[in-house]
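Morning, everyone. Let me put the model up, and then we'll walk through a few spots on it.

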Amino acid sequence: MISFIVGIIALILGYVVYSKIAEKIFVIKPELQTPAIRINDGVDFVAMPKWKTLLIQLLNIAGTGPIFGAIAGSLFGPAAFVWIVFGCIFAGAVHDFMVGMLSVRQNGGNISEIVGKYLGKGPLYIMRVFSTVLLIFVGVVFVTTPAQVLRTLYEHAKDLPAGSSMNFYYIIIAIIIGYYILATMLPIDKLIGKIYPVFGACLLIMAIGITFMMFFTGEISSIPEFAFANMRPDKTTNIMGRIFPFLFITIACGAISGFHATQSPLMARCITNEKEGRLVFYGAMILEGVIAMIWAAVTMAHFNFVGIETAVAAPVVVTRSSIDYMGWIGGALAIFGVVACPITSGDTAFRSARLTIADALKYDQKPVKNRLTVAIPLFAAGVLLVLFSLSSTKNFNIIWRYFSWSNQTLATIGLWAASAYLAKTGKLYWLTLLPAAFMTVVVTSYFFTSNECLGPLMTGITGNADITYVTGIIIGLVLSTVLLALFVPFIGIKQKGIIKE
């Protein structure tokens, strides 16, 4: 209980204190006109009030990750709390704030254009492809996971065997995809701007209600207090059961997420003053960290770490815990809030992919036919991946793992780009450089050790899983060190204004 409470307090203090430090280092300019005011095309550049941009940003970024990822990550024990808190305050929220504000300064530019400006044309072209692929993965994950939650709830209500209601499942998936098409095509204030506050209310009911019931039932006291014992049953037989780097990939969106770098530019095109950036970008990430803390705590307290081994098991956790804690009415509202999270990230994932491609091609998105030209191929690719994921649980887990890795890799690149910006403008670059170096070790070591990436090949070469694990971490440390050495030329540039903001 104490570890959970301390973690929530730390997240709040992180916003109160560290967000102001980040804002001071960036140096906001309230006198500058934002893209929402200067461009205002009525489609993607639309001025909105601060409370609405905060809610939209929160629902954009709070997809399945902080819920399903936290549920799966809870098996690593209270270490999950530590990663959520420190990752969120010093890496994730800083990342979202920097990318969001750099986008504001670059006429609402997407993460690819930001990386290209500060790291060069090579990374620009790579990021255009990489971020588009990630966004399609996100859209696929956020089609199937809310549908899984609704199917689980339906089967529970009808007392049907698990996984038996496939027709209902397919109907829900079709409805979600149809909604995504509308949300991708319509002006941002016509659909997204109107329904997100409703979804936000459901999300708040879920968070407050379930947290209250954990305390009311006394189950919160069953969480181990700062005893960083790994609860995974495979911790001694499978290297993927070890805390580093696998916890840091499993809990992605609740601590740091590259997906957010694709979402922050959406609100960078809607805020009306740079003073709003700290609340909208940094604050939304802190709220997402709170959501992740709650679901990690629910799994530890209500399920006692039992049976939560994959992302596929998470819908069962969401359904059962919501109903057990809050009854059918409260549980239905809570589950609706959980379903809204991924749906309100999946729609903007496809929207961001459309804008990324359009920006790269310099293709005006005001005409509807131009939006259709870009969106149709994106949704065709997404539907094919949805069908692939539905063919077996194994296929879904493959997509989930690659989504998690590519998600964290994109965040790492975003931090390096922000570090280059800070160094080139003579600002305190350590704000983003330290988390960039750390995340480089995380994503690299994961790539060389995980079963979904090069782990099996590496074990075949080394002949021993333990040697593979150590080798992967060493490679990560070496790459991080090399990148730090290459960063030295940026550090030598001290004159402010050398980069036009």
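Start with Met 1. Its relative accessibility is 31%, so Met 1 counts as partly exposed; that class sits between buried, under 20% relative accessible area, and exposed, over 50%, with a 1.4 Å probe and protein chains only. Met 1 lies in the segment before α1. Helices here are DSSP runs of H or I, at least four residues, numbered from the N terminus.

A word on the basis. This is a predicted model, where local features need pLDDT of at least 70, side-chain atom pairs count only at pLDDT 80 or more, and totals for chains, interfaces and linings use all residues. Residues are numbered from 1 along each chain as its sequence is written, and side-chain values use heavy atoms, leaving out hydrogens and water.

Next, helix α18, residues 465-486. Its 22 residues reach 32 Å from first C-alpha to last, close to the 32 Å expected at 1.5 Å a residue; the expected span is 1.5 Å times one less than the number of residues. Which residues of α18 are buried? Thr 468, Tyr 469, Gly 472, Ile 473, Gly 476 and Ser 480. They cover an arc of only 135° around the axis, so they sit on the same side of α18. That arc is taken from the directions from the helix axis to the C-beta atoms. Turned away from the buried side, the other face carries exposed Thr 481 and Leu 486.

Last, Val 198, in helix α9, residues 192-217. At 51% relative accessibility, Val 198 counts as exposed. Val 198 and Leu 55 are 143 residues apart in sequence, yet 9.7 Å apart in space, C-alpha to C-alpha.

Note on methods
Helix = DSSP H or I, 4+ residues; strand = E, 2+ residues; numbered from the N terminus.
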